[in-house]
Amino acid sequence: MANYAMALEYQNCIDCRACEVACKDENGVMIGADKQRIWVGVVEGGKTLADMFVNFYPSQCNHCVDAPCVTVCPTGASHFVEGGIVKVDYDMCIICKGCMEACPYEARFVDETRHAVDKCTFCDGRIQEFGTTACSATCPTKVRTFGDIEDENSDIRKRLEGREFFVLKENEDTMPKLFYLAPEDENVRKRTLGEGIKLHTWDEFSKKYEAETAKRREEWKEA
Amino acid sequence: MERGVKECCGLNFKSVSFKELFLNKTMLFAYLLLAVGVVGWFQLYGLRFGHEFVNTHDLVEAGGAHATAMAEALKEQIFNMHHIEEVPRQEPWGIFVAQYTYLLYGGSALIFLVALAELLGLEISHKASAALMTLGISLALGGMASIASDWGNPINIYWMILNPQPQSGMWMMLPLYSIYIPFTFIEIYFLMTNKRELAKKLALPLVVVGLGIDLAEFYIQGILFQLNEPRHLWSDFSGLWIYFLLTGALSGIGFALIYAGLALKNKEWYSELVAVLRKAGIVAIILVALYETISGLAGLKEAPFSTMFYGYVIVGLVLPLVLFFAKQDFLAGILIAIGTFSARELFVYGGNAEPMTNRFGMGPEAFSTYNVAEIEKIVYESPHTMEVLVIIGCLGLGIAIFKLLDTLLDVSNQPH
């Protein structure tokens, strides 16, 4: 069974937000600036012209292996499906917003058209047909690489095996599946990444990742 | 048996007219609060179900058939969403949850204190226990109305029964309150029943089980908040349930002092009851202050949290302590009730204040605002007027429930 994840070459991002538009179009996401399943985050830093920088980093639900939103949901509306994708069953959601409180990534929002909490689904349905998500397909600078992380021949696996990466809010122990590829230039790394960010290699990271995946794999339901 | 009293199932029901039951001063006050709440609930319903919201698929499917409505909806969503949306994703829980924790924990802790007093055999508690327990459960029900208002689509709640999620703190509320509420009414029943022999036999087991259920309630409430791992104000303190119990006890004492000052002043045992409440209040204030000092839970000092923090400390702790020593107990009760609400606001809003701003490891970020200049380190959005109206209505509901029970069962005048 596939286990979907995404690697992000975020330094390629030009903040065009074509991914946001593609996501809304593909998934019928509610209209409104704050109603996004995916977004481009902006972080500015530096104090002088010599060290100022801007990081654009596309983000979305991290489809955590140990997803706290699934744990706290009182009705089972938030659940895992095949591929380790975290989804919301709109017909079961009471909008208690517990999942929004539990999510470290602010990935969820209330969709008033569905009367439920909504979030990224990794384009579940589309990926079976076209092999990738709408945001990945539309990105002009190829920031996102989507695929089965357990397939040794997949593009995502090859990217992660060839580069150091980090995940967001690692200290929360949710085992997120959005892997940000670290800048290859040492100076850029030092200047633009926070001190708390740990860099990993796939060899070292995969052991913990596989162990955590095994713990919750039995919860994955058929889509 | 008194005239105008009918016995049923071991309880004395007062025979009262419609006017006495529904048109007394307390009920009129409760109606006023409820009327305010109804305005809020109406607005809440309108916001959730009365707006035209659209997604991209709606646009495609509409194909011009509802062009005007579509244009209006688009305009509203694109240009005014920040002002009309109910829940910002950075701050999902707000004043409804603050009111829920305030009334429910305050009411439950009052029930806990009464049960504890019964266990310790305090003479005065026998006289007031039925009334105070009824007050506690009425306010707890008002708190539940607040959380029910918070849920955007409560019609799906039946899934909590069909699809149990025992790992979820929020799901645990279902079995908990399915037991807690009926059990509390059973406790009240045995405090008031004419079946004295049976009541005496069951008194101790009932009180002990009641205390156990109360403690379980606070423990589960602690888990509910602590499961929210990224909200470090909530998740980093292992003894959160103790905090809820202590602050809830303080709120409960405040409620009891207000109630006693308004309804029990003509009782010969009023001074004795207030003296006990005063002592309990002083102990509760000291324990809460100690907890806050050790845990540093209320450590948010930036505006607007500084107002809530000092409102809590000065109005809820310091001034009542001074007033207790000056024997101004009614005023102390009012200040405790106000100050502990501020504590609940601080706790709920404070938990949402800072968790999300450092996602990329390099300080505050722009997210959804599309404007880097609008980045704020502290996430806080003051409650909408609609929300304030609703929580006033919830308080009115609690008062109305209590007054109806008091009028019918005369809980304030139970002979013991």
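Predicted model: local features only at pLDDT ≥ 70, side-chain atom pairs only at ≥ 80, totals over all residues.
1. Contact order. Take the contacts in chain A between residues at least 6 apart in sequence: 62% of them join residues at least 24 apart.

2. Secondary structure and overall size. Chain A holds eight helices and 10 strands. Its radius of gyration is 17 Å, close to the 17 Å given by the globule rule for 223 residues, so chain A is as compact as a globular protein of that length. Along the principal axes, the C-alpha atoms fill a box of roughly 50 × 40 × 35 Å.

3. Burial. Of the 223 residues in chain A, 53% count as buried.

4. Backbone check. Most residues other than glycine have a negative phi.

5. Arg17(A). Arg17(A) sits in the loop between β1 (4-8) and α1 (18-27) of chain A. Burial takes 20 or more and exposure 12 or fewer, so a residue in between is partly exposed.

6. His63(A). His63(A) belongs to the loop between β3 (53-60) and α2 (68-72) of chain A. The count for His63(A) is 26 other C-beta atoms within 10 Å, so His63(A) is buried.

Definitions and conventions:
Residues numbered from 1 in each chain as written. Chains lettered and ligands numbered in written order. Helix = DSSP H or I, 4+ residues; strand = E, 2+ residues; numbered from the N terminus. Rg over C-alpha atoms; globule rule 2.2 N^0.38 Å. Contact = placed C-beta atoms within 7 Å.
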